[in-house]
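Here is a briefing on one chain. Look over its sequence and fold before reading on.

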Amino acid sequence: MHLASLVEAVEQVRATSRKSEKVRLLADALRATQGPETPLAAMYLSGSLPQGKIGIGWNLIQQSLEDGPTAGEPLTLSDVHQALDRLATERGTGSTERRIAELKTLFHRARPDERRFLSQLLIGELRQGALEGVLLEA
């Protein structure tokens with residue numbers, strides 16, 4: 001699944017106040033996934049990362065966005081997951097620079113709405129008006 005599809009679903013969920021509509025939209029998004037994408041999509045939709053907290057804050061995100069937007073090949077959920085795996089394991093001397101480089105690579109492939117979604121997801125501020133209970137219902 002392309003990240004753009006998930007971001008679109010989140011925007012649609014944010015746009016409605018009806019719980020039944022939120023459940024339908026989330027269920028549609030999950031049905032559009034295959035195999036290992038399904039749990040990834042569910043976690044991202046609930047604002048969680050499979051890697052847990054990975055130590056990315058707003059300062060690192062801002063530094064990673066400084067070079068400006070340059071959307072590349074469309075991102076998939078698997079691409080995002082692999083990048084987050086690499087970010088989660090970065091430790092030691094020079095890890096901040098390596099994290100910024102990894103984030104830059106990810107953000108340079110992302111469209112502006114995807115960058116916004118990823119930033120919110122990374123700092124734990126994804127607010128789409130659907131708590132975990134709504135996602136479980138979906």
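The model is predicted. The chain holds eight helices and zero strands. Of its 138 residues, 41% count as buried.

**Overall fold**

- Read from the N terminus, the order of elements is α-α-α-α-α-α-α-α.
- Take the contacts between residues at least 6 apart in sequence: 77% of them join residues at least 24 apart.

**Helix α5**

- Helix α5 covers residues 77-89, which makes 13 residues.
- At 1.5 Å a residue, α5 should span 18 Å, and its end C-alpha atoms lie 19 Å apart, which agrees.
- Its buried residues are Leu77, Val80, Ala83, Leu84, Leu87 and Ala88.
- Viewed down the axis of α5, these buried residues fall within an arc of 140°, so they line one face of the helix.
- The packing partners of the buried α5 residues are α1 (3-15), α3 (37-45), α6 (95-109) and α7 (112-122).

**Helix α1 and Leu6**

- Leu6 sits in helix α1.
- Leu6 has a relative accessible area of 0%, so it counts as buried.
- Beyond its neighbours within four places in sequence, Leu6 contacts Met1, Ala41, Tyr44, Leu45, Leu77 and Phe117.
- Ala41, Tyr44 and Leu45 are among the buried residues of α3.
- Leu6 and Glu114 are 108 residues apart along the chain, yet 9.1 Å separates their C-alpha atoms.

**Helix α2 and Lys22**

- Helix α2 runs over residues 19-31.
- Its 13 residues should span 18 Å at 1.5 Å a residue, and the end C-alpha atoms are 18 Å apart, which agrees.
- Buried in α2 are Glu21, Lys22, Val23, Leu25, Leu26, Ala27, Ala29 and Leu30.
- The cut-off for buried is under 20%.
- Lys22 and Gln12 are ten residues apart in sequence, and their C-alpha atoms are 8.1 Å apart in space.

- The buried residues of α3 are Glu37, Leu40, Ala41, Tyr44 and Leu45.
- Seen down the axis of α3, they fall within an arc of 125°, so they line one face of the helix.
- Thr38 also belongs to helix α3.
- Thr38 is partly exposed, at 31% relative accessible area.
- Not counting residues up to four places away in sequence, Thr38 touches Leu30 and Thr33. Of these, Leu30 is a buried residue of α2.
- Thr38 and Met1 are 37 residues apart along the chain, with their C-alpha atoms 9.2 Å apart.
- Gly47 follows α3 and has a positive phi, near 85°.

**The largest pocket**

- How much space lies in the largest pocket? The value is about 180 Å³.
- Its lining is made of Gly47, Ser48, Leu49, Gly52, Lys53, Ile54, Gly55, Ile56, Leu121, Leu122, Ile123 and Gly124.
- By class, the lining has six nonpolar, five polar and one charged residues.
- Gly47, one of the lining residues, is the glycine with positive phi that follows α3.
- Gly124, another lining residue, lies in the loop between α7 and α8 (132-137).
- Gly124 counts as exposed, at 52% relative accessibility. The cut-off for exposed is over 50%.
- Gly124 and Lys53 both line the pocket. They are 71 residues apart in sequence, and their C-alpha atoms are 8.7 Å apart in space.

Key. Residues are numbered from 1 along each chain as its sequence is written. This is a predicted model: local features need pLDDT of at least 70, side-chain atom pairs count only at pLDDT 80 or more; totals for chains, interfaces and linings use all residues. Side-chain values use heavy atoms; hydrogens and water are left out. On a 1 Å grid over the protein atoms alone, a cavity is a set of points where a 1.4 Å probe fits but cannot get out, and a pocket is an open set with protein on both sides within 12 Å along at least five of seven lines; lining residues have an atom within 4 Å of a point. Grid points are joined across faces, edges and corners, and a volume is the space filled by probe spheres set on the points. Ala, Val, Leu, Ile, Met, Phe, Trp, Tyr, Cys and Pro count as nonpolar, Asp, Glu, Lys and Arg as charged, and the others, Gly among them, as polar. Helices (H or I, at least four residues) and strands (E, at least two) are DSSP runs, numbered from the N terminus. The expected span of a helix is 1.5 Å times one less than its number of residues. Buried means under 20% relative accessible area, exposed over 50%, partly exposed in between (1.4 Å probe, protein chains only). The arc is that of the directions from the helix axis to the C-beta atoms. Contact means heavy atoms within 4.5 Å.
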